[in-house]
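Please keep the sequence and the 3D view at hand while reading.

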Amino acid sequence: MEFFTIILEKSSSRQVLLDNFVKMLDGHRPQNMKLRQGGNGLRKLWDVEVVFDTDGSMYLDRGWKQFVRAYDLRHGYFLVFRYDDNATFTVKVFDTTMCRRRYQDDDDASTLCLFFLSIRLFLTPI
């Protein structure tokens, strides 16, 4: 399953996950997840605690803040999460220019910048 979210000011300390993703888990409530930045292959995994509130909403909590800091995630960044069924998310980061962020530890040379720029131009009113 893949989904996206946009970093908002208040999401830097914990990140809410979509209700549809929680439903896909079919009652399973993991206590921890692992995060991997999309371009660094299998090298670095981040342990993140999962919490649920009384409504059943799911959050990435302890460890999320460190992931945000390590990858310099800022307000307005667009994140694409891919879940691989082993309690692991691969997270692709796009900055406010709509280009995929490149990091020093990346081994993935592909870029989706032109794709997102073309969408942005198409959706911009004239």
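Which side chain meets that of Lys-34 in a salt bridge? The partner is Asp-47, with N and O 2.3 Å apart; a salt bridge is a side-chain nitrogen of Lys or Arg within 4 Å of a carboxyl oxygen of Asp or Glu. The structure is a predicted model, in which local features need pLDDT of at least 70, side-chain atom pairs count only at pLDDT 80 or more, and totals for chains, interfaces and linings use all residues. Residues are numbered from 1 along each chain as its sequence is written, and side-chain values use heavy atoms, with hydrogens and water left out.

**Overall build and confidence**

- The protein chain contains 3 helices and 7 strands, where helices (H or I, at least four residues) and strands (E, at least two) are DSSP runs numbered from the N terminus.
- In sequence order, these elements give the pattern β-β-α-β-β-β-α-β-β-α.
- The protein chain has 126 residues, of which 40% count as buried; buried means under 20% relative accessible area, exposed over 50%, and partly exposed in between, with a 1.4 Å probe and protein chains only.
- The accessible surface of the protein chain is about 7,900 Å², and carbon and sulfur atoms account for 54% of this area; such areas come from the Shrake-Rupley method with a 1.4 Å probe, and for residues only the protein chains shown count as cover.
- Of the contacts in the protein chain between residues at least 6 apart in sequence, 53% join residues at least 24 apart; contact means heavy atoms within 4.5 Å.
- The mean pLDDT of the protein chain is 84, and 78% of its residues reach 70 or more; pLDDT is the predictor's confidence in each residue, from 0 to 100.
- Among the elements of the protein chain, β4 has the highest mean pLDDT (96), whereas helix α3 (residues 113-123) has the lowest (57).

**Salt bridges**

- Side chains of opposite charge can pair when their charged atoms come close.
- A search of the whole structure finds 3 salt bridges.
- Lys-34 is partly exposed at a relative accessible area of 31%, while Asp-47 is exposed at 53%.
- Glu-49 and Arg-62 form another salt bridge, with their closest N and O atoms 3.5 Å apart.
- Because Glu-49 lies in strand β4 and Arg-62 in the loop between β5 (58-60) and α2, this pair ties together parts that are 13 residues apart in sequence.
- Glu-49 is partly exposed, at 24% relative accessibility, and Arg-62 is exposed, at 62%.
- Asp-72 forms a salt bridge with Arg-74, in which the closest N and O atoms are 2.7 Å apart.
- Both residues count as partly exposed, Asp-72 at 30% relative accessibility and Arg-74 at 47%.

**Aromatic rings**

- A search of the whole structure finds 15 aromatic pairs; rings of Phe, Tyr and Trp (its six-membered ring) pair if their centres lie within 6.5 Å, and planes under 30 degrees apart count as stacked, over 60 as edge-to-face and the rest as tilted.
- The rings of Trp-46 and Phe-67 form an edge-to-face pair, because their planes stand at 85 degrees, with the centres 6.1 Å apart.
- Trp-46 lies in strand β4 (residues 46-52) and Phe-67 in helix α2 (residues 64-70), so the pair ties together parts that are 21 residues apart in sequence.
- Trp-46 and Phe-67 are both buried.
- The ring centres of Phe-81 and Phe-89 are 5.4 Å apart and the planes are at 85 degrees, so this pair is edge-to-face.
- Phe-81 and Phe-89 are likewise both buried.
- Ring pairs link a cluster whose members include Phe-3, Phe-21, Trp-46, Phe-67, Phe-81 and Phe-89.

**Charges over rings**

- The charged end of Arg-14 sits over the ring of Tyr-59, 3.7 Å from the ring centre; the criterion is NZ of Lys or CZ of Arg within 6 Å of the ring centre and within 35 degrees of the ring normal.
- Lys-44 lies over the face of Trp-46, at 4.4 Å from the ring centre.

**Surroundings of Ile-7**

- Ile-7 lies in the loop between β1 (2-6) and β2 (15-17) and is buried, with a relative accessible area of 2%.
- Not counting residues up to four places away in sequence, Ile-7 touches several residues, including Gln-15, Trp-64, Arg-74 and Tyr-77.
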